[in-house]
Amino acid sequence: MGHFKRLATKEDELIKILEPLPQDEIDRRAEDYDKMPSDKFNTKHRVLLAMEKYKPVSFEFNGVTHTIQLNHCTDPFCRWYGEDQQELKKLAVTGRKPYRYRLSGSPEIEHDRRIVCNEDPNTPSAVGGCKTRPISTWSAGEEIKRLVTVNSVVNLEPTYVFHKDECSEYGVTPFKNPKCFYNYGTSKTNSDRFKCKQCGKLTNVLPRKEQAFSYHQQRSEILPTLAAMLVNRVPVRRACEILGIGSQTYYTKLEYIFMRCLEFLERYETKVLATKTFDKLWINSDVFMYYLNNARHKFAGDTKTVRNEDFRKMATKIIVSGDIYSRYVFRSDVAYDWDITEQLLEMDTLKYKCDHMERNERKNARLELSYVPQPPSAFDKSEPFNHMRIQNDYVIEKRGFDTRLAYVPGLQVSTNYTALAHFWLLREHLHAKDWYFVTDDDGSLKNSIFRVFKKEVADGYANYFLCKTGKNKPLVQALKEYSDAQMNLSMCRDLYGLAEDSDYQVALAMLTEKLKSVKFFDLVQDSSGHKRTVRKANFVTHPLASQDIGYREIGILTDLSGLNNVELAKLIMQVNNRPTDTFMQQIRRRISLLERPLVTARADKKSYIYANYNPQYAQYLVTILRTYYNFCDGKKDKSGKLVTPAMKLGIATKSYDWKDIIYFK
């Protein structure tokens, strides 16, 4: 069982990011800050999106140095897809040097920037015009670091003092020099005791888990019951009443169960998947959204202006990815940084002059507030007209900044950055020969997959399907579509003479026939005379409807033009969003803090009074539920055997329970 563990923190530096800004660049920024307006300052000191080369970011993870560059074209049908910025030397034009990409849009306007592909007549399919929203690669590395830290445990290594200050053997330990100590037996908690032979100081050391599992754990016997309550929608106050504990004990035990789940996953998920290779891996991803129960800090003030601010609609998102065949959920990450503080944000703002740089150049671009507003610089004060305007903008921006920080601690993280880190870690931990992705029409998921899996997509080893279900569809309509689908299957059985075949085989025959009239790709000739494949934004209706969502529309985002209709139909038949839908329903039904909002007594509004307040506990609860869902919550197969998603995936041989997770040996 080994050593006691603790949750990892930022100070552990499980990932070490190599700062992309050299010290001389930081010094130049400090020198020019009071000499230049913000737009010229940004143009001069732009590094991550410099015209000549978009700078990558490197970091050390698990003893390996990784380099990521995520700013490139994200259209898989473009010649420049996945390619880094580079000068087009063969292009015979005068004037400025031509490059693969150019930046468009104003850096002063939020989210207005775009990376635009340039045309190159000498390169087939380099027709230009593709637009991609740039990101801060530096901030993407910071988000990867955050997710790794949140989902990791490290050994608890206390600092021992085995000698008195005047002892001649000071610095000697019983682990390396046992002859210098008396073995003084064990304490009441089974910890070994050592006594220095010179000074006589007696010291207890931390026992191993096998010796004292409940070390510093009062009421250890309630852990399995509390864990069961956490995933069975028991509210916090009711759980405290049933177990006879206080709220502080409740959250302490919640954190402990979360840590035990991480230890369990490290042994039975991470280590097993590191040695397993899948021939094909179908991954379905989606974004779960809930609203925080906004509560202002105790000492944040209670002015009428603040009360009138509407912060009730603060959406927090959780990105979920699961396997389509086994419905095993690989990751569930909350897009929220609860460790960020105003002090840390201000340190970065003052050091890197983030208030004068566009968002895509900032270290904290992933956060909803990526810098602390600063008063006008000396240059701004030198121009009276601009000074008044900038001063007014500063006052308004600072008021909004302070008001936001008066509410829920921490800051929201952009879904784009959490999705990038989410898929990068999936790619790092999973090994597959062929990847197939299924999502709804979510831009953050699409861009993230095309950035992270650019090599696999370009080489044809990763393909991407859209699955649109119409979530606002009434249940009556869904039932009617299901009834129509069953009727169509029955008619096709008679039409094609497939009376003995299964629904899947009949639906496959129907879909193959339908693909004769639906074109997903087209072959066109560009201005330079080269022929290239382009995607047509067409969808095909999946012939198998379900009672809860009815028909689903399937689209294709990668180049599968080389497949015939039968091969393409077999792939489309696999497309569904059941893994994420099932797990998200489990979140709503099983976790009390993440259930749907209540309807007020007047039935005219929604109340979030029982919703989650601290997103940190949302991450804990979702991870605990994911562990239970994957390894404990089994369903009976045709033979009557209980089978869990982990067993279907091939990484477990039995169904576990809470005692296995909490007390495993």
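These legends accompany an overview and several close-up views of a predicted model.

**Figure 1. The whole protein.** The predicted model holds 20 helices and 26 strands. Along its principal axes, the C-alpha trace spans about 90 × 80 × 60 Å. Take the contacts with a separation of 6 or more: 68% of them join residues 24 or more positions apart.

Figure 2. Strand β3 covers residues 57-61. The strand is mostly covered, with four of its five residues buried. Strand β2, residues 15-17, pairs with β3. The sense is antiparallel, and there are three bridges. Strand β4, residues 64-68, also pairs with β3 in the antiparallel sense, over five bridges. I17 stands opposite F59. In β4, H66 is the bridge partner of F59. Next comes the turn of the hairpin. Two residues lie between β3 and β4, and N62 takes a positive phi near 55° in this hairpin.

**Figure 3. The open sheet β9-β10-β11.** Three strands make up this open sheet, in the order β9-β10-β11, and their pairing is antiparallel. The edge strands are β9 (181-186) and β11 (202-204), each pairing on one side only. From one strand to the next, the twist averages 25°. Strand β10 spans residues 192-196, and four bridges join β9 to β10. These two strands run antiparallel.

**Figure 4. The loop residue R233.** R233 sits in the loop between helices α4 (223-230) and α5 (236-243). Its phi is positive, about 65°, although R233 is not a glycine. R233 has 38% relative accessibility, so it counts as partly exposed.

Figure 5. Helix α6 runs over residues 247-273, a stretch of 27 residues. From the first C-alpha to the last, α6 reaches 37 Å. That is close to the 39 Å expected at 1.5 Å a residue. Where does α6 bend? The bend is at E266, and its angle is about 40°.

**Figure 6. The loop residue R327.** R327 is found between strands β13 (315-323) and β14 (329-334), in the loop that links them. R327 is a residue other than glycine, yet its phi is positive, near 60°. Is R327 buried or partly exposed? With a relative accessible area of 34%, R327 is partly exposed.

**Figure 7. Strand β18 between two kinds of pairing.** Strand β18, residues 462-468, is mostly covered. Six of its seven residues are buried. Strand β17, residues 432-439, pairs with β18 in the parallel sense, over five bridges. Strand β22, residues 553-556, runs antiparallel to β18, and four bridges join the two. Look for L466 in β18. T439 stands opposite L466. L466 also stands opposite G555, a residue of β22.

**Figure 8. A537 in the loop between β20 and β21.** Strand β20 covers 531-535 and strand β21 covers 540-541; A537 lies in the loop between them. A537 has 58% relative accessibility, so it counts as exposed. How far apart in space are A537 and F520? Their C-alpha atoms are 6.9 Å apart, while 17 residues separate them in sequence.

**Figure 9. L544 and its contacts.** L544 lies in the loop between β21 and β22. At 24% relative accessibility, L544 counts as partly exposed. Which residues touch L544, leaving aside its neighbours within four places in sequence? L544 is in contact with L489, D503, A507, R552 and M573. L544 and V506 are 38 residues apart along the chain, and 9.8 Å separates their C-alpha atoms.

Technical notes: Residues are numbered from 1 along each chain as its sequence is written. This is a predicted model: local features need pLDDT of at least 70, side-chain atom pairs count only at pLDDT 80 or more; totals for chains, interfaces and linings use all residues. Side-chain values use heavy atoms; hydrogens and water are left out. Buried means under 20% relative accessible area, exposed over 50%, partly exposed in between (1.4 Å probe, protein chains only). Two strands pair if DSSP finds at least two bridges between them. The expected span of a helix is 1.5 Å times one less than its number of residues. The bend at a residue is the angle between axes fitted to the seven residues ending there and the seven starting there. Axes are lines fitted to C-alpha atoms, for helices over the stretch in contact, and angles run from 0 to 180 degrees between N-to-C directions. Contact means heavy atoms within 4.5 Å.
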